Amino acid sequence: MGEESQKKGLSRRKFIQGVGTGVIGSAVLPHVIKAQHETRAADEDTTGQLLDVKVNGKRYRVEIDPQTTLAEFLRDELNLTGTKIICNQGECGGCTVLLNDKAVYSCHMLALDANGKEVVTIEGLMNGEVIHPLQKAFLEKDGYQCGFCTPGQIMAAYALLKENPHPTKEEVMFNMSGNICRCGAYPKIVDSVLYAAEQQWSKKS
Ligand code: FES
Ligand code: FES
């Protein structure tokens, strides 16, 4: 079998499980947590499987196609479209959400791997119609241009500030390095995160 046909024969599930998050987790972006994959018996079974997950504080028990990524589940099933799918291959961070308080690329993990866990999306930061102090910091410091990458940037910053409420500029730059901004708004993104930290955002959230 040639290389091309081998690639075509590689299922999405096998790709995600075998290659994708492993590369992100251990080599490229050490601060983005590698999704923990559970062993499931019927590896290629495409019949629905039960997903039991908490998203933004609300529990969902739904049957899904096992090849559904977490990003697809959030956007297509829950209509949480603040999570962006930009590269869809674990390279840009546009789809960043929190999984048990750690930043993950939701395009690069299966929804079933969130079973029994807690997911927070950009929508989860809002308090009704009131934006989160971290979102406010991005607004006040112009931490965006077109805004396409912004939900992912904010979720990466949220994960960082939960763990380290007073990061240095270098720590912000390192921890946000997995989030690409095609507009190049990096200086103001970093300013926004540092400003949010100064404002002691966590006490207000
Ligand atoms: S859309 Fe997931 S990393 Fe780019
Ligand atoms: S603000 Fe446009 S891609 Fe980041």
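Predicted model: local features only at pLDDT ≥ 70, side-chain atom pairs only at ≥ 80, totals over all residues.
Good morning; let me begin with Cys181, which counts as buried at 6% relative accessibility, where buried means under 20% relative accessible area, exposed over 50% and partly exposed in between, using a 1.4 Å probe and protein chains only. Residues are numbered from 1 along each chain as its sequence is written, and side-chain values use heavy atoms, with hydrogens and water left out.

Cys95 is likewise buried, with a relative accessible area of 3%, and the structure holds zero disulfides, a disulfide being a pair of cysteine sulfur atoms within 2.5 Å.

Turning to the backbone, most residues other than glycine have a negative phi. Asn100, although not a glycine, has a positive phi of about 45°, and this residue sits in the loop between strand 3 (96–99) and strand 4 (102–105), where helices (H or I, at least four residues) and strands (E, at least two) are DSSP runs numbered from the N terminus. Asn100 is partly exposed, at 43% relative accessible area.

Asp142, also not a glycine, has a positive phi of about 55°; it lies in the loop between helix 4 (133–140) and helix 5 (150–163), and is partly exposed at 40%.

Which loop holds Tyr144? Tyr144 is in the loop between helix 4 and helix 5, and is partly exposed, with a relative accessible area of 32%.

Technical notes:
Chains lettered and ligands numbered in written order.
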